[in-house]
Amino acid sequence: MTYPNHLHYTQEHEWVEVSGSLATVGITDHAQHQLGDIVYVELPRPGTAVESGKVCGTVESVKAVSEIFSPVSGEVRETNAALTEAPETVNQDPHAKGWMIRVQLSGDGLPDGLLSAEQYEKFASEEAG
């Protein structure tokens, strides 16, 4: 798998794309493969404050329930309502149609410690063994 270069990644397997002061967040292809078939996604309501590195939702698969950690701080502006009816979209297109939340960034934008596509790909392959 090659990961899109325009995205930033976390070691918790989330991605973030920033456009101006708005950040779109989702889970990576590696994460959705580890989870298996996703059957339910629980996301914060618009207006909810999220904090970088803190839990902001959950993804339920046939294997387990996993927490989603926000890679940015700010206020949720929008959630991907399509995931309510079709959570499998995260399996099918995790880096585009499977996005989860859009956050109005607070403060200085992106936190330190995010990985480039190349760094994340190396991290994920090492973790997979």
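Buried means under 20% relative accessible area, exposed over 50% and partly exposed in between, with a 1.4 Å probe and protein chains only. The structure is a predicted model, in which local features need pLDDT of at least 70 and side-chain atom pairs count only at pLDDT 80 or more, while totals for chains, interfaces and linings use all residues. Residues are numbered from 1 along each chain as its sequence is written, and side-chain values use heavy atoms, with hydrogens and water left out.

View 1. Helices are DSSP runs of H or I with at least four residues, strands are runs of E with at least two, and both are numbered from the N terminus. Ala117, Tyr120, Phe123 and Ala124 are the buried residues of α4. Seen down the axis of α4, these buried residues fall within an arc of 125 degrees, so they line one face of the helix; the arc is taken over the directions from the helix axis to the C-beta atoms. Glu118, Lys122 and Glu126, on the other side of α4, are exposed.

**View 2. What covers and what follows α4.** The cover of the buried residues of α4 includes β1 (8-9) and α1 (29-35), where contact means heavy atoms within 4.5 Å. After α4 comes Gly129, whose phi is positive, near 85 degrees.

**View 3. The lining of the largest cavity.** Val25, Leu43, Pro44, Cys56, Ile68, Met100 and Ile101 line this cavity, a cavity being a set of points on a 1 Å grid over the protein atoms alone where a 1.4 Å probe fits but cannot get out, and lining residues having an atom within 4 Å of a point.

Definitions and conventions
On a 1 Å grid over the protein atoms alone, a cavity is a set of points where a 1.4 Å probe fits but cannot get out, and a pocket is an open set with protein on both sides within 12 Å along at least five of seven lines; lining residues have an atom within 4 Å of a point.
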